[in-house]
Amino acid sequence: MSNRSRIAALFFLGVAGVMGYLISSGRISLSAAPEEKKTASEKGLQPGEPGYTQSLEGVFLPNPIPKFGGEINLNAYQSKSWWPSITVPPKGAPNILLIMTDDVGFGAPSTFGGVIPTPTMDRIAKMGLRYNMFHSTALCSPTRAALITGRNHHSVHTGVITELATGFPGYDSLFGKDTATIAEPLRQNGYGTSWFGKNHNVPAFQASQIGPFDMWPNSQGFDYFYGFVGGDTSQWQPNLFRNTSPIEPFVGKPGWNLTTAQADDAIGWLKQLNEIAPEKPFLCYYVPGGTHAPHHPTPEWIKKFEGKFDGGWNDLRDRIFANQKKLGVIPADARMTPWPKDLLPEWNTLNADQKKMYARQAEVYAAYLAYTDYEIGRVVQAVEDMGKLDNTLIIYISGDNGSSAEGTTIGTPNEVASFNGVNVPVEAQLKNFYDIWGSDKTYPHMSVAWSWAFDTPFKWTKQVASHFGGTRQGMCMAWPKRIKDAGGIRQQFHHVIDIVPTIYEATGIPQPASVNGVPQRPIEGVSMAYTWDKANANVPSTHKTQYFEMFGNRALYHEGWIAVTVPIQPPWNITSNPAPNVVDGYKWELYDLSKDFSEYEDVAAANPDKLRELKELFLVQAAKYNVLPLDNSVVSRMLTPRPSTVAGRTVFTYSGELSGIPHDCAPSLLNKSYSLTAEVEIPDGGAEGMINTQGGRFGGYGFYLLKGKPVFTWNLVDLQRMKWEGKDALTPGKHTVAFEFTSDGPGFGKGGTGVLKVDGKEVANQKMVRTIPFTLQWDETFDIGIDTGTPVDDKDYKTPFRFTGKLSKLTVQLKPTALTPQEKKAIQDKNGKRD
């Protein structure tokens, strides 16, 4: 025997010994190992022949490499070839079209009584079923993580949006390989898988072009991704990716809009899959940016809604409520919750200018929702045109949470401003933005009062996990081949974690015990398939218990009862931190949902034992699912240090051209002193262009040469622009251009003094009264030698504004963040540090 043969024999004996130990110790069960079974798609082929198909059995993925079934002799003529079979799903497994819109209240779409036409959702409801007790987590990233994994949001490390991640297991946004998305098992069982639209699950600190990419869609089981990464983006100039590569298909295309482009791309992918492999089923996860701010419909859609909201938000609530009763999507005895007069004005108290501006905000929002639904309809129609609608399970969830209150009580033409605590007065909105509201010159959001109305008949809004205004979503499900109670309504209590087990049951694919060698945590939801039959229309829900928690607001549902905390501050106070007594500082209420659909009547006083039981059960659930420690802060979490590529660094150097570095992976100039120093070489004839920028039209800075003259511009959330400008153009040759800023801190948003220098000589000196405290425009990137997206000043230049000289070196140097002791302590607490 040769040395090579001896080594091979010893290797296999070692493997056999390890396997024997694992089997004898019960760690591996041979009976549970994946096997293959024939399906009707064999078409007369025999095992080992090209094209022979089989479905997998068992709960371990991937399937073990099959033993070679042919024959090998000395030459090919005396040997028999053998090919592994092609994996296909179980016979009859449906296509899956999983749709979810963004920030849509229960009462917004026409399907659930709203005045905004959503004919596509209406169509799904008429083909299948409407669910009126379906729930989200109350916020974007958490709902999305729960939806695609079938586990609670804290279980998958996403107790809050990724931009607010903190270093605790329920909140670090690093959901692990032990909680695979639904896409990975479906892909390994023969599905084509794709994701279109919003991805708010890549950790913000891992979103750069160097990765790591293991939490991007392509590493989570999705063969194809076309969309944006983050909470929201401009629909006119989005921060867009194809798989992991940034793309700018909007450049040079006036009127281009992502809402349409996303549908085009999804239709193209479905068509391609159908024509190349017509028998291959698909999972298409379709999650458009609509209707999260910025509200960016096209002009023709806005025109359809002019004058439709002149009656105001109180009248709108009444109309929605009446429609809901008429449609039967709320019980006949459901009661409208009171208008919060202490928080929001009634329409009849407003003056004419306020009414005009607020009505415009709602017109644009309604246009955006209708436009979004229309484009979803094009995707559904494409499935029908391919002849695949009958065997497609369509799940259409209206909103990943309730209607958003992030526009503040007066609305805003620029959401970046509101996230920095800046309100734009209604008078200024009307004068400067009314005619362009919804265009790419705005980043708009509507008044909270509209959001509250679109959540009819419930209380509260997005972010408030304790009440149904934040968590109750209209949802429709259709599968013509299987669901026969067309147009039916279901009132069983369910949650987004129930979608994954429903898909598993529909496809016949078992929930995996191991994926890619990693044991899986159990699915925490339950299948909703039992609700499909008309005979089960009124049976009790199989989802018995569900906790809710977001920013300290919390609730516990159990067998028809729900205990909830009362928010201690409204969610539209974005930039303030509430009182820290998050455990005991909240009042609790109790509702009997068997008699009270809308959480109208608090019965805590009459049922103290039931309230105590549910409060204790919440703590049990919180401990089980990584909810602890409770945290009701926002701003301090926004500024918490995270393990990004910039963590701990104070000096950054770049050269040449580099673009697309996302917000959390770039040096931050906020709340500190800093300097930017560029070593440039100017050719004969002069140069201009961008040296460095971060942000864009709605907040950020730019350091550039304009007609050869150095300029540094701070765009203060599109309300003011501060400029430092040199008087003379740079002459040909090498120069050093620098901008130095000395902060007046400590404190958020403090002013300071900026100095622009050329070759060490001061050429401009100016005081800033204030600076941006919390965030620059998040859908724009940190660019060197070019400006992607939108300009920081449209009057100075147009993108891409490439630097036409040579940028030999750019150095960004940061001083320590200048915060008050109280601000610093709040952030240290989130990072687990103590002085």
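Helix α2 meets helix α8 through P119, T120, M121, R123 and I124 on the α2 side. The α8 side supplies D373, Y374, I376, G377, V380, Q381 and E384. Contact here means heavy atoms within 4.5 Å. Helices (H or I, at least four residues) and strands (E, at least two) are DSSP runs, numbered from the N terminus. By class, this contact holds six nonpolar, three polar and three charged residues. Ala, Val, Leu, Ile, Met, Phe, Trp, Tyr, Cys and Pro count as nonpolar, Asp, Glu, Lys and Arg as charged, and the others, Gly among them, as polar. The model is predicted, so local features need pLDDT of at least 70 and side-chain atom pairs count only at pLDDT 80 or more, while totals for chains, interfaces and linings use all residues. Residues are numbered from 1 along each chain as its sequence is written, and side-chain values use heavy atoms, with hydrogens and water left out.

The axes of α2 (residues 119–127) and α8 come within 7 Å and cross at roughly 45°. Axes are lines fitted to C-alpha atoms, for helices over the stretch in contact, and angles run from 0 to 180 degrees between N-to-C directions. The two helices are therefore oblique to each other. Angles under 35 degrees count as roughly parallel, over 145 as roughly antiparallel, 65 to 115 as roughly perpendicular and the rest as oblique.

Helix α8 (residues 352–385) also packs against helix α5 (residues 258–276), at an angle of about 10° and with the axes 9 Å apart. This pair is therefore roughly parallel. From α5, the contact takes T259, T260, A263, D264, A266, I267 and L270. From α8, it takes Y368, Y371, T372, E375, R378, V379, A382 and V383. Nine of the residues in the α5–α8 contact are nonpolar, three are polar and three are charged.

Helix α3 (residues 140–149) is largely enclosed by the rest of the structure, because ten of its ten residues are buried. Buried means under 20% relative accessible area, exposed over 50%, and partly exposed in between (1.4 Å probe, protein chains only). The buried residues are C140, S141, P142, T143, R144, A145, A146, L147, I148 and T149. Their cover includes the strands β5 (95–100), β7 (192–199), β11 (282–287), β12 (392–398) and β18 (545–550), along with helix α13 (499–507). Just after α3, G150 adopts a positive phi of about 75°.

Several loops carry backbone exceptions. Most residues other than glycine have a negative phi, and most peptide bonds are trans. G290 and T291 are joined by a cis peptide bond, with omega about 10°. T291 sits in the loop between β11 and α6 (299–304). A cis bond also runs from T456 to P457, with omega near 10°. P457 belongs to the loop between α11 (448–454) and α12 (468–471). N516 is not a glycine, yet its phi is positive, at about 55°. N516 lies in the loop between β16 (514–515) and β17 (518–519), and counts as partly exposed at 46% relative accessibility. K707 also has a positive phi, near 55°. K707 is placed in the loop between β26 (699–706) and β27 (709–716). K707 is exposed, with a relative accessible area of 72%.

Two loop serines were also examined. S403, in the loop between β12 and α9 (415–418), is buried at 0% relative accessibility. Leaving aside neighbours within four places in sequence, its contacts include D103, V104, G105, M446 and S451. S403 and H543 are 140 residues apart in sequence and 25 Å apart in space, C-alpha to C-alpha. S439 is found in the loop between α10 (426–432) and α11. Residues up to four places away not counted, S439 touches W236 and H296.

The chain as a whole has 16 helices and 33 strands. Of its 835 residues, 60% count as buried. Along the principal axes, the C-alpha trace spans about 85 × 80 × 55 Å. Residues 24 or more positions apart account for 74% of the contacts with a separation of 6 or more.
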